[in-house]
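Open the model in your viewer and keep the sequence panel beside it. The stops below go from sheets to side chains.

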Amino acid sequence: MQSLFEQHRAILEAALTALQQRGFWTVYPEVPSGKFYGETAKDDGLAAYEASLNSHFDLPGHPGAPTVGQEQSPYGPVLGITYPAVDANTLVEHSRNAAKAWAEASHEARAGVCLEILARLNKRSFEMAHAVMHTSGQAFPMAFQAGGPHAQDRGLEALAYAWAEMARIPAQAQWVKPQGKAGDLVLEKHWQIIPRGVSVLIGCQTFPTWNSYSGLFANLMTGNTVIAKPHPAAILPMAITVQVARAVLTEQGFPADVVLLAAEDAGTGLAKTLAEHPDVAQIDYTGSHTFGKWLRANAATPLVYTEEAGVNSIVVSATDDFKGMCQNIAFSLALYSGQMCTAPQNIFIPKAGIRAGNEHKTLEEVQQGIAAAIDGLLADPTRAAMVAGALANTDTLERVQAMRKVAPIVRDSTAIEGLDSARTATPLLLSVQAEDETLYGTECFGPIVFLVAVDSAEEGVRRAATLARTKGAITAALYETDADATENAIQAFAAAGVNLSINLMGGIYVNQSAAFSDFHVTGANPAGNACVADAAFVANRFRVVMWRRPVTQ
């Protein structure tokens, strides 16, 4: 019988090649079509999602009784799903008990299990799309892509990096040191990869799988057990993931508790309790800077990988296609109502205006051009719903309403027509001055955009880069036609540790980050201390031990 590794070997080899070439590559189709997933996949996925509502989630053999779960869709309905409630000590105990068998598995066996988990998750992408949509508020097209294939891409990417780093370590070698007439010193040396142990994965509400799969599969591939702690408002996507993982592990003769679900209701504080547990070896976290700072200061382990808040900026200096620029920016601002870690918040525009082809556009014309492009994009309610989705939580809606009072409004935020039962808000555009940094100088999460008037594009670059360096940023964008100015901006943003996009038009947006090509987050500014994914993201999740002995002549 062919092993899982042999079944999936070609995918792993192609992934390793893709990491080196860094062009476009994927094995998981991002188009929600029966052509790729089967003619009944769409209906089957919806039926599976609906069958999970108002019931106990099925996790065979998982510790705890199904008594937690308060998820409510941002589109209105209460999910009514309950999950096992397990305290931190029990979770860690079960994870530790499962660790030995998983650590002793060969690299090939672990890779085969991980690749099979990804393959089965891919087959459930339609079900996952509904789960992500109704916990995060993403519109269905984004929920399918980000919750399914794109998240799976990220998991495969981390798995491949982990494989590559472990493959650098030979299993054994003969060490010969010449000693002249005295003869050679000869040792046989053997090396063994040792996982760190129990890992905790703390997920976020807005991207419950996309932001989690890198850590999940990096840990599993390097032999660590995983306790997945999803956001209390977005448990279902990770519960599905854990369900699939446990099924594959069991079928392959491994303890199901290699992967556990740490579900909780809001306010329980399970993440803190797990982080403080002395037997937790490493933590992956996506979320606010406040809790990220707490983790780095208080977690029992120093191995904490974070993606946190940032202040992403666009600098508008010049363009050869004013309409195209405005449309591209508009889509970036409206996509998922600005709830992406890569979404722009600040747009720096020179007070004297910009050069647009052979024309000059005033500051006001640039502001109105962006506002009008948003209006055009969202004019059709159906398209607006598909682009903007819903707000994940009430705090974001309250923040939008509060910010309407702090500065002149260029474009007001409104609810999306036809989504009356959902929490929605279109982008709010505010006009501010460079000196108003108390307003735009920290993350203002959601569809809130500051149009910042600056004395020059150079000042805009300087302010944007300074914010990235001091407050954190995951993305930056520039519209510029002068080569020297462009090069100066490239160097400024590189020094600030933020990835830069230049003159984006058409169907490529600053929000997007592609697995196997883009290094998501640099780890070089306060927006996160780790990059997803690179060699550093995986290499410290295992250690190498050796035994050696003389070889007799």
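In which sense do β3 and strand β4 pair, and over how many bridges? They run antiparallel, joined by six bridges. Before moving on, note that this is a predicted model, in which local features need pLDDT of at least 70, side-chain atom pairs count only at pLDDT 80 or more, and totals for chains, interfaces and linings use all residues. Residues are numbered from 1 along each chain as its sequence is written, and side-chain values use heavy atoms, with hydrogens and water left out.

**Stop 1: the antiparallel sheet**

Select β3, β4 and β20. They form an open sheet of three strands in the order β3-β4-β20, with antiparallel pairing. Strands here are DSSP runs of E with at least two residues, helices are runs of H or I with at least four, and both are numbered from the N terminus. Two strands pair if DSSP finds at least two bridges between them. β3 (172-177) and β20 (542-550) are the edge strands; each has a single partner strand, so one side of each lacks a neighbour in the sheet. On average, neighbouring strands are turned by 30° against each other, direction ignored. Axes for such angles are lines fitted to C-alpha atoms, for helices over the stretch in contact; angles run from 0 to 180 degrees between N-to-C directions. Now pick Lys177. Its bridge partner in β4 is Leu185.

**Stop 2: strand β8**

Go to β8 (residues 280-286). Seven of its seven residues are buried. Buried means under 20% relative accessible area, exposed over 50%, and partly exposed in between (1.4 Å probe, protein chains only). Strand β5 (residues 198-202) pairs with β8 in the parallel sense over five bridges. β8 also runs parallel to β9, joined by four bridges. Centre on Asp284. Leu201 stands opposite Asp284, and in β9 the bridge partner of Asp284 is Tyr305.

**Stop 3: Glu308**

Step to Glu308, in the loop between β9 (304-307) and β10 (313-316). Is Glu308 buried or exposed? Glu308 is buried, at a relative accessible area of 6%. Show its side chain. It makes polar contacts with the side chains of Arg296 (2.3 Å) and Thr306 (2.6 Å). A polar contact is a pair of N or O atoms within 3.5 Å; within protein, one must be able to donate a hydrogen and the other to accept it, and residues adjacent in sequence count only if both atoms are side-chain atoms. Leaving out residues up to four places away in sequence, Glu308 touches, among others, Tyr285, His289, Lys293, Ile474 and Pro526. Contact means heavy atoms within 4.5 Å.

**Stop 4: the mixed sheet**

Select β11, β13 and β14. This open sheet has the order β11-β13-β14 and mixed pairing. β11 (318-319) and β14 (359-361) stand at its edges. β11 pairs with β13 (residues 354-356) in the parallel sense over two bridges. Thr319 has Ala356 in β13 as its bridge partner.

**Stop 5: the nonpolar cores**

Find Tyr83 and Ile347. Of the 130 residues in the largest nonpolar core, these two touch the most other members. A nonpolar core is a set of buried Ala, Val, Leu, Ile, Met, Phe, Trp, Tyr and Cys residues joined through side-chain atoms within 4.5 Å. A second, separate core of 28 residues includes Phe348, Ala434, Ala468 and Ala473.

**Stop 6: salt bridges**

How many salt bridges does a search of the whole structure find? It finds 22. The criterion is a side-chain nitrogen of Lys or Arg within 4 Å of a carboxyl oxygen of Asp or Glu. Select these pairs:

- Glu157 and Arg22: the closest N and O atoms are 4.0 Å apart, and both residues are buried.
- Glu127 and Arg124: 2.9 Å, N to O. Glu127 is buried at 8%; Arg124 is partly exposed at 24%.
- Glu359 and Lys361: the closest N and O atoms are 3.8 Å apart. Lys361 is buried at 17%.

Then select Glu437, Glu459, Arg462 and Arg463, which salt bridges with shared partners join into one network.

**Last stop: Gly253**

Finish in the loop between α10 (236-251) and β7 (259-261), where Gly253 is found. Gly253 is exposed, with a relative accessible area of 62%. Its C-alpha atom is separated by 9.3 Å from that of Ala101, 152 residues apart along the chain.
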